[in-house]
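This report describes selected local features of one protein model. The sequence and the structure are shown first.

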Amino acid sequence: MDVATINADKTLDTSGLSCPMPLLRTKKALKEMSAGQVLKIIGTDPGSKKDIPEFGNKDGNEFLGMQDVDNGSTLYFIKKG
């Protein structure tokens, strides 16, 4: 899936946070969302490149993809199940 075409329902900025905070905030944000909605996470923690995709496919959720951007951040997209 081309992540550039994904329209997120909510954006969570975890820039500057270190593990495990990006993952914990991602879990909290998804709890507040409805099934079928898409969460966009902006992160700078290198560990999140492993943690968020693994978490994204748990509990009925679907990890849609990730993309590195020019400012050093990575964008992640998770669809709530």
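The sections below cover the basis of the description, a helix pair, residues of those helices, loop residues and backbone geometry.

## Basis

The model is predicted, so local features need pLDDT of at least 70 and side-chain atom pairs count only at pLDDT 80 or more, whereas totals for chains, interfaces and linings use all residues. Residues are numbered from 1 along each chain as its sequence is written, and side-chain values use heavy atoms, with hydrogens and water left out.

Helices (H or I, at least four residues) and strands (E, at least two) are DSSP runs numbered from the N terminus.

## The helix pair α1 and α2

Helix α1 spans residues 21-31 and helix α2 residues 48-56; their axes come within 10 Å and cross at roughly 25°. Because of this angle, α1 is roughly parallel to α2. Angles under 35 degrees count as roughly parallel, over 145 as roughly antiparallel, 65 to 115 as roughly perpendicular and the rest as oblique. The axes are lines fitted to C-alpha atoms, for helices over the stretch in contact, and angles run from 0 to 180 degrees between N-to-C directions.

On the α1 side, the contact (heavy atoms within 4.5 Å) is made by Pro22, Leu23, Thr26, Lys27 and Leu30, and on the α2 side by Ser48, Asp51, Ile52 and Phe55. These residues divide into 5 nonpolar, 2 polar and 2 charged. In this scheme Ala, Val, Leu, Ile, Met, Phe, Trp, Tyr, Cys and Pro count as nonpolar, Asp, Glu, Lys and Arg as charged, and the others, Gly among them, as polar.

## Residues within the helices

Thr26 lies in helix α1. Its relative accessible area is 0%, so Thr26 is buried; buried means under 20% relative accessible area, exposed over 50%, and partly exposed in between (1.4 Å probe, protein chains only). The side chain of Thr26 reaches the backbone oxygen of Pro22 at 2.7 Å. Not counting residues up to four places away in sequence, Thr26 touches Leu12, Leu39, Ile41, Ile52, Phe55 and Ile78.

In helix α2, Ser48 is buried at a relative accessible area of 4%. Beyond four places in sequence, Ser48 touches Pro22, Pro53 and Tyr76. Pro53 is also placed in helix α2 and is buried, with a relative accessible area of 17%. With residues up to four places away not counted, Pro53 touches Ser48, Phe63, Met66 and Tyr76.

## Loop residues on either side of β2

Two residues of interest lie in the loop between α1 and β2 (38-43): Ser34 and Gln37. Ser34 counts as partly exposed at 45% relative accessibility, and Gln37 counts as partly exposed at 28%. Ser34 and Lys80 are 46 residues apart in sequence and 6.9 Å apart in space, C-alpha to C-alpha. For Gln37 and Ala8, 29 residues apart along the chain, the C-alpha separation is 7.4 Å. Leaving aside neighbours within four places in sequence, Gln37 is in contact with Asp9, Ile78, Lys79 and Lys80.

Thr44 is found in the loop between β2 and α2 and counts as partly exposed at 36% relative accessibility. Thr44 and Gly16 are 28 residues apart in sequence, with their C-alpha atoms 6.1 Å apart. A polar atom of the Thr44 side chain lies 2.8 Å from the backbone nitrogen of Gly16. Leaving aside neighbours within four places in sequence, the contacts of Thr44 are Ser15, Gly16, Gly72 and Ser73.

## Backbone geometry

Most residues other than glycine have a negative phi, and most peptide bonds are trans. Which bond joins Cys19 and Pro20? A cis peptide bond does, with omega about 15°. Pro20 is placed in the loop between β1 (10-13) and α1.

Asp59, a residue other than glycine, has a positive phi near 55°. Asp59 lies in the loop between α2 and β3 (62-68) and is exposed, with a relative accessible area of 67%.

Methods: Polar contact = N/O pair within 3.5 Å; in protein donor to acceptor, adjacent residues only side chain to side chain.
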